[in-house]
Amino acid sequence: MPPVKKYLKAKQKNGLEFDAADIFKETWEWLGERGCEKLVNTQLIEQYAVSVSRWIQCEECISKFGFLARHPTTGNAIASPYVSMSRDYMKQSSQLWFQIFQVVKENNATTYQGSTLQDDVMERLLRSRKGMN
């Protein structure tokens, strides 16, 4: 496995660790189990890890602050910006995952049946809410 880049391990503004390094390692190992780690561009895996990590952060903020926010000038209730950011990161993560999975699909002789890392992302989110990281 290539060394994990420094920005994937950076402390976040809220003081918490960035999950991107763990997601990068999990993705690399998952690809390695399928013999495809050398076929996927490392930058693509890094982009996927960052995108998933940001999605998790947005979901944690939604859980903490709720779906509504206060407009900065009028004070009226508005939709939380974390909701749209979460949706955008989820879309980006899915697109990146499809690119990664396409390489696996095209380079494996057997059909893969079982859980994917996308399934593990939801588990990570649920565990982070319970403080089980």
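Modeller: One term before we start: buried means under 20% relative accessible area, exposed over 50%, and partly exposed in between, with a 1.4 Å probe and protein chains only. This is a predicted model, where local features need pLDDT of at least 70, side-chain atom pairs count only at pLDDT 80 or more, and totals for chains, interfaces and linings use all residues. Residues are numbered from 1 along each chain as its sequence is written, and side-chain values use heavy atoms, leaving out hydrogens and water.
Biologist: Which residues in H1 are buried?
Modeller: Ala20, Ala21, Ile23, Phe24, Thr27, Trp28, Trp30 and Leu31. Helices here are DSSP runs (H or I, at least four residues), as are strands (E, at least two), numbered from the N terminus.
Biologist: And how much of the protein chain is buried?
Modeller: 35% of its 133 residues.
Biologist: What comes just after H1?
Modeller: Gly35, with a positive phi of about 70°.
Biologist: OK, how do the axes of H1 and H3 cross?
Modeller: At roughly 20°, coming within 11 Å, with H3 covering residues 81-107. Axes are lines fitted to C-alpha atoms, for helices over the stretch in contact, and angles run from 0 to 180 degrees between N-to-C directions. So H1 and H3 are roughly parallel (angles under 35 degrees count as that).
Biologist: Which residues make the contact?
Modeller: Thr27, Trp30 and Leu31 of H1 meet Trp97, Ile100, Phe101 and Val104 of H3; contact means heavy atoms within 4.5 Å.
Biologist: And the overall pattern along the sequence?
Modeller: The protein chain reads α-α-β-β-α-α, with four helices and two strands.

Methods. Parallel < 35°, antiparallel > 145°, perpendicular 65-115°, else oblique.
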